[in-house]
Amino acid sequence: GRASTRLVLAPAGYPASEMSGVREMAHGSPATAPLIAALQAACFAEPWGAQAFHALMAAPNVATFVAEDGSGEPNGYAVLRCAAGEGEILSLGVVAAKRQRGLGRALVEACFEAAAAAGALELFLEVAAANRAARALYRSAGFEAVGRRPAYYPPPHRGEPGDDAITLSRSVVTEGQRDRNS
């Protein structure tokens, strides 16, 4: 399997103590699923749980990334699946206290690079319509809305409608690759 070696630094301009990295987790590591599950539970009201991540991450076409702060503390994660020329960010989150520091962007870019390396032509994800911060991040990273799933996310309170999911897409093929393939 893949080793935990790649490090992508978050944007410069932060003090060294705030510099963060994103590392790809070793494929099949038994510690990865509980770590990703704990990070997701810290980020979202409806977490999937360690068992679901363990089953998902057993697939060879799934990559997981952890964003760490300057002290090595895990503060965010991303799960990417690639198949049939497409990549999909299945889940991505950054703990509330560490948002707005470039971790989300670093995770998105790590997923983009991994999708490109896996031969994906397009990268997809879904985001809650009400999650304006995430939508702004994805828009600034080149994603565009390509669909909407009404009431996809569970409602915050019983009897209320659920939030819509907006499906976003970004081309993985660069202009240079397009020119070579034309």
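Arg149 has 41% relative accessibility, so Arg149 counts as partly exposed (buried is under 20% relative accessible area, exposed over 50%, partly exposed in between, with a 1.4 Å probe and protein chains only). A word on the source: this is a predicted model, in which local features need pLDDT of at least 70 and side-chain atom pairs count only at pLDDT 80 or more, while totals for chains, interfaces and linings use all residues. Residues are numbered from 1 along each chain as its sequence is written, and side-chain values use heavy atoms, leaving out hydrogens and water.

The side chain of Arg149 meets that of Glu126 in a salt bridge, 2.8 Å from N to O (a side-chain nitrogen of Lys or Arg within 4 Å of a carboxyl oxygen of Asp or Glu). This pair links distant parts of the chain, with Glu126 in strand E6 (residues 122–128) and Arg149 in strand E7 (residues 144–149), 23 residues apart.

The count comes to five salt bridges. One of them joins Glu68 and Arg23, whose closest N and O atoms are 2.6 Å apart. Glu68 counts as buried because its relative accessibility is 15%, whereas Arg23, at 26%, counts as partly exposed.

Now turn to the helices. The axes of H3 (residues 103–117) and H4 (residues 132–140) come within 10 Å and cross at roughly 50° (axes are lines fitted to C-alpha atoms, for helices over the stretch in contact, and angles run from 0 to 180 degrees between N-to-C directions). Gly104, Arg105 and Val108 in H3 meet Leu137, Tyr138 and Ser140 in H4, where contact means heavy atoms within 4.5 Å.

Conventions. Helices (H or I, at least four residues) and strands (E, at least two) are DSSP runs, numbered from the N terminus.
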